[in-house]
Amino acid sequence: MLYNYLKITIRNLRKYKAFTLINIAGLAIGVACCMLILLFVVYELAYDKWNPNADRIFRPVTEIQFGGSHFDLAVTGSPIGPDMKQQFPEVEAYCRFRQYGSYLVKREGEDQQNIREEDALTVDSSFFQVFPVQVLEGDPRTCLTQPKSLAISKSRAIKYFGALQMAIGQTLILDNKENWVVRAVYEDLPPTTHFKADLLLSMNGNEEVLNDTPLWASSNNFQTYILIRDGVNLKDFEKKFLAFSKEKVNETARRIFGQDISMLESTGQYVRYSLQPLTVIHLFSDKTAELQPNGSIQHVWIFSAIALFVLLIACINFMNLTTARSAHRAREIGVRKVLGSPRTALIRQFLGESIILATIAVGLAVCIAALVMPWFADITVRPITMPWGQPFFWLALVAGIAIVGFLAGIYPAFFLSSFSPIHTLKGQSEGKRGGGRLRSVLVVFQFATSIALIIATAVVYNQLNYIQQKKLGFQKDQVLILEDAYALGDAISAFKHEALQHPAVETATISGYLPVPSNRSDQTFSKVRAFREDQSVNMQRWVTDPDYIKTLGLEIVSGRYFDPERFPSDSSAVVINETAAALFGFSEPLGSKIYSPKGRIKGDQVPDDFEEHTVIGVVKDFHFSSLRDHIGPLSFWLGDSRSYISIRYKAAETQPLLASLENSWKRLAPGQPFAYRFMDDAFSKVYISEQRIGKIAGIFALLSVLVSCLGLFGLAIYTAERRTKEIGIRKVLGATTTGIVRLLSAEFLKLVLIALVLATPLAWLFMDRWLENFAYRIEVGWWVFVLAGIIALLVAFMTVGLQSIRAALSNPVKALRNE
C-alpha cells in the first residue's frame with residue numbers, strides 16, 4: 001500500500017510540473033528564511049549560557065535622577081562588591097570590571113612595535129571563579145593577585161609570543177610606560193559573551209580603587225558581578241539587597257547633603273539599585289556604560305515573527321494550490337471511496353504527499369541557507385555558521401519536515417478526502433465548496449503580511465535617513481579622528497602644527513571627548529558653595545583645546561570660547577550648552593558662577609572646599625549623544641586631554657592627507673600605531689542595529705512578496721484553466737483582450753486591496769511603537785502606506801496579468817472544439 005501511495009505521489013508530481021515546482025520553490029524559500037532567522041535567534045539566546053554559574057550571577061545596576069539628568073547605568077561604585085561580600089553570607093564571590101579604553105601594547109625589548117588593543121579589562125583576582133574560562137597556562141586562583149600582573153587570551157599569547165608556554169613570565173609594556181607580567185593564558189572567550197577581553201589586568205593596587213570613596217552612588221565606574229551560593233532563594237536575597245542598598249544610599253545622602261534620601265525623593269530625585277541577572281544582559285539591557293553594544297529582545301521577536309510569517313506564507317501557497325487542483329483529483333478520490341478506501345487512508349495519502357514535498361523543499365532549503373550563510377552572517381554581524389556537527393540540528397530538520405508537511409498538508413488532506421463519490425463520479429466538481437472562500441482569506445493573509453513588511457522597511461529606512469539628514473548642531477562631514485593621540489607624547493603639538501600646514505587641512509583640535517562614541521565624563525556642579533539638591537546640576541564635563549568649537553562647527557550663542565593667550569583666567573572658566581544654562585536657571589549665564597568640589601573626594605569625607613568657575617560662553621545645543629536620547633547638560637573646560645586629534649579637511653583630498661599624516665606620525669612617534677576613523681562613519685555606527693534590522697526586514701519583505709507571488713501565479717494558472725471555455729465563449733461573443741484580462745485580474749487585485757486595508761493600521765501601530773525608542777523621530781506619513789499599496793498592486797498585477805494575457809490571447813476554437 002505504501003508503495004502504491006508513493007507511485008501515485010510521484011505520478012502526480014510529474015504530471016503537474018508547474019504546480020510541483022511552485023510548491024517546492026515556495027516552501028524551500030520559506031524554510032530557508034525561517035532556518036536562517038532561527039539560527040540567528042538561537043545564537044542571540046545563547047549569550048552567557050556557556051557559563052555554568054550563569055543562573056547564579058547578578059550585576060548590580062544603578063538608576064539616578066539628579067541635577068536635571070537621568071542616568072540608567074550598568075556601572076556602580078567600587079565599594080559595592082566588597083560591601084555585599086561582607087554583609088551577605090549568600091554571596092560566594094564578586095568580581096569588578098573597570099574598562100579604561102584601549103591600550104598600546106608591545107613586548108619588552110628594543111624595536112618592538114606597539115599594537116592597539118581595545119578589548120582589555122581591569123578585573124579582580126576572582127575573575128576565573130565567577131567566569132570559569134579554561135586557563136591553559138598558569139594558576140587561575142593566583143594569577144591576578146599581584147599588582148601589575150595580567151592574564152592574556154590564547155590568541156594574544158600566540159600573537160605576541162608565538163606559543164602559550166613562552167608567554168608565562170614575559171613582560172608586556174602598556175601605553176609605553178607600564179610593565180605588566182603575564183601570569184596566565186586562558187582560552188579565548190566564547191563569542192556569545194556580553195563582553196570581550198583579550199587582556200585581563202589585575203585590579204590589585206589600582207589607584208582608583210584605593211582612592212575611591214566608600215560612599216555608594218558618589219562615583220560609578222565599575223561593572224560588578226555577584227556570584228550567589230547554590231541553593232539561595234533569589235527573591236529573598238533580592239529583597240535583602242534592596243533594603244541594604246537603600247541604607248547605603250541614605251548614608252550617602254546624609255553625609256553629602258545633610259538630609260535623608262526621603263527628603264531628596266520628595267523633590268523627584270533619587271538613587272536606586274537593582275540586581276540584573278547575567279543571562280538577560282545581552283538582550284534586555286541597554287544602559288549607559290555597557291561593556292559592549294548589546295542585542296535587543298525586540299529584534300529577536302521581530303525576526304522570529306518574520307520567520308514565522310514567511311514560513312506560513314509558503315505553507316499557504318501549498319494549501320491554496322493543492323485545494324485549487326481539487327477538480328483534477330476528484331474522480332480519483334471518488335473511485336477510491338467506491339472501492340472501499342476509508343477517509344483516514346485518503347488523509348494519510350495526502351499528508352504523505354505533503355511530507356514528501358516538504359522533504360524535497362527542506363533539502364533544497366538547507367542548500368540555499370548554506371550558500372547564503374556567509375552573507376547573512378555579515379549582515380547580522382554575528383559569526384553564525386551551519387551547525388552540521390550538532391545532532392540537534394538534524395533532529396530539528398526532521399521535526400521541521402514533519403511540521404511543515406503537516407501544516408501545509410492538513411487542510412488539503414481533510415478538504416479533498418471530504419468529497420462525495422456520487423458527485424465526483426458524475427463530474428460535479430466540489431472544488432468551489434468552501435475552498436474558494438478559504439483560498440481568498442489565505443491570499444489576503446499572505447499579502448497583508450508582505451505589505452506590513454514593506455511598510456516596516458520603508459519606515460525604518462525613512463527614520464535612518466532622517467537621522468543622517470537631521471541638523472545635529474555640529475558638522476560631522478570631512479572630519480578625520482586620529483586615535484590614541486597620547487602616543488605622540490611631547491610631540492603632539494608639533495604634530496598638530498605640521499597637520500595645519502597641509503593645504504587640505506582647515507583646522508585641528510586635541511580633545512578627550514567627541515559627539516560620537518568616545519569617552520564620557522559627568523560631574524555634579526552647584527550654583528552655591530555646597531551640594532544642595534535644588535541648586536545642583538549633573539552634566540557632562542569635556543576637556544578640550546581652544547580650537548574645538550571651530551573644528552566641529554559648533555555655534556556660540558552668547559559669549560565666547562576659550563582664548564588662553566588673551567585671557568589667562570580661562571583655565572578656571574567654563575562654557576556650557578543651552579540645556580545646562582536652563583537647568584541652572586540663569587537669567588544671564590555670562591559671568592555666572594558655578595562650583596565644584598576641590599580635589600577628589602576621598603574616604604567618607606564630605607566636600608567643604610569648592611572651586612569657583614565663571615561661565616564665559618553658551619554653546620547652542622547639539623546632539624552629542626544618540627538621537628534616541630534628549631540633549632542633556634554639557635560643559636566644556638580648557639585643558640590638556642590627549643585622547644583624540646580631530647582634523648577638519650577639504651573634500652576630495654582624503655588619501656593624500658592620510659598619507660601625509662601617517663608619515664608625520666611615524667616620524668614623530670616611531671613604533672606607535674596610526675589609527676583613524678571618520679566622524680560621519682562613527683556617527684552612523686551608533687545606529688548599526690537599526691541599519692541591520694532595516695536591511696534584514698527589507699530582504700525578507702522582498703522574499704515574502706516573491707513567495708506570495710509564486711502562489712498567486714499558480715492560482716492564476718488554475719483560474720485560467722478552469723475558465724478556459726468561458727473565455728472562449730466570451731471571445732466568440734466579441735469580448736476584447738483587455739476586457740478578459742480585467743475580468744481575470746480583478747478578483748485577485750480586490751484581495752490585494754483588502755490586504756492593504758487590513759495591514760495598514762496594524763503596521764502603523766507597530767512602527768509607531770518602534771519609533772518611540774527615539775527622542776527625535778519622524779511621523780509615519782500617509783505616503784508610506786500608499787507606496788506599499790502601489791508596490792503590492794503592481795507586483796500582483798504583473799504576476800496575474802501575465803497569465804491573464806496568455807489566456808486572453810488563446811484561440812477560442814481550441815477551447816470550444818469539444819463542445
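The structure holds 31 salt bridges, a salt bridge being a side-chain nitrogen of Lys or Arg within 4 Å of a carboxyl oxygen of Asp or Glu. This is a predicted model, in which local features need pLDDT of at least 70 and side-chain atom pairs count only at pLDDT 80 or more, while totals for chains, interfaces and linings use all residues. Residues are numbered from 1 along each chain as its sequence is written, and side-chain values use heavy atoms, with hydrogens and water left out.

Select Arg-59 and Glu-290, whose side chains meet in a salt bridge at 3.2 Å, N to O. Arg-59 lies in strand 1 (residues 57-66) and Glu-290 in the loop between helix 10 (281-284) and helix 11 (297-324), so the pair ties together parts that are 231 residues apart in sequence; helices (H or I, at least four residues) and strands (E, at least two) are DSSP runs, numbered from the N terminus. Arg-59 counts as buried at 0% relative accessibility, and Glu-290 counts as buried at 15%, where buried means under 20% relative accessible area (1.4 Å probe, protein chains only), exposed over 50%, and partly exposed in between.

Next, select Glu-117 and Arg-156, which form a salt bridge with their closest N and O atoms 2.9 Å apart. Glu-117 sits in strand 5 (residues 115-117) and Arg-156 in helix 5 (residues 154-161), 39 residues apart, and both are buried.

Finally, select Arg-677 and Glu-483, which meet in a salt bridge at 2.5 Å, N to O. Glu-483 is buried, with a relative accessible area of 8%.
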